[in-house]
Amino acid sequence: MSEMRVVLPQPDADETGPYAHLGFATAKPGEEDRVEELILGLVQPLRAEEGAIEFHVHRDRADRRVFVIYEMFRSKEALEKHIAQSHTQEFIRAIQPHVEGPLRQQFLRMCSELPAGQAERI
């Protein structure tokens, strides 16, 4: 299977903050535990990546089949490098049989300031 390629929106010309991303996945009925296991398997390798600032996994309280990933990187290029990582590509392949439809993506511009101490990580 070929590598998944994602075209990321360009940062705005005046943007100086990190590049943030939301990922959404809806588990097929009965596949919720497997989807959570696969997503949680990304936590350690992703947080160790150069350029990664934050990575959090959430489940919707109203619909426990819905998972939301929030990740923040130093730059668009750092997120592109993350997507190309072998562990990310393997995750994308492995999760597909367990979710409904394609993984959904949303790319965010940060409007608030980073908390004290976190700005130095960028």
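What percentage of the 122 residues in the protein is buried? In this predicted model, buried residues account for 38% of the 122 residues. The accessible surface of the protein amounts to about 7,400 Å², and carbon and sulfur atoms contribute 51% of that area.

The protein contains 4 helices and 4 strands, which follow one another along the sequence in the pattern β-α-α-β-β-α-α-β. The radius of gyration is 15 Å, close to the 14 Å given by the globule rule for 122 residues, so the protein is as compact as a globular protein of that length. Taken along the principal axes, the box filled by the C-alpha atoms is roughly 45 × 35 × 25 Å. Of the contacts between residues at least 6 apart in sequence, 73% join residues at least 24 apart.

In soluble globular proteins, nonpolar side chains tend to be buried together. The largest nonpolar core of this protein comprises 23 residues, and V35, I39, F91 and I95 are those with the most contacts inside it. Two or more residues of this core are given by each of the strands β1 (19–26), β2 (52–59) and β3 (66–73), and likewise by each of the helices α1 (32–40), α2 (43–47), α3 (76–84) and α4 (86–95). When residues up to four places away in sequence are not counted, I95 touches V35, L38, I39 and L103.

As for charge, the protein carries 15 positive and 21 negative side chains, and the centres of these two sets lie 3 Å apart.

Technical notes
Residues are numbered from 1 along each chain as its sequence is written. This is a predicted model: local features need pLDDT of at least 70, side-chain atom pairs count only at pLDDT 80 or more; totals for chains, interfaces and linings use all residues. Side-chain values use heavy atoms; hydrogens and water are left out. The radius of gyration is taken over C-alpha atoms; the globule rule is 2.2 Å times the number of residues to the power 0.38. Buried means under 20% relative accessible area, exposed over 50%, partly exposed in between (1.4 Å probe, protein chains only). Contact means heavy atoms within 4.5 Å. Accessible areas come from the Shrake-Rupley method with a 1.4 Å probe; for residues, only the protein chains shown count as cover. Lys and Arg count as positive and Asp and Glu as negative; His and the chain ends are not counted. The place of a charge is taken as NZ of Lys, CZ of Arg, CG of Asp or CD of Glu. A nonpolar core is a set of buried Ala, Val, Leu, Ile, Met, Phe, Trp, Tyr and Cys residues joined through side-chain atoms within 4.5 Å.
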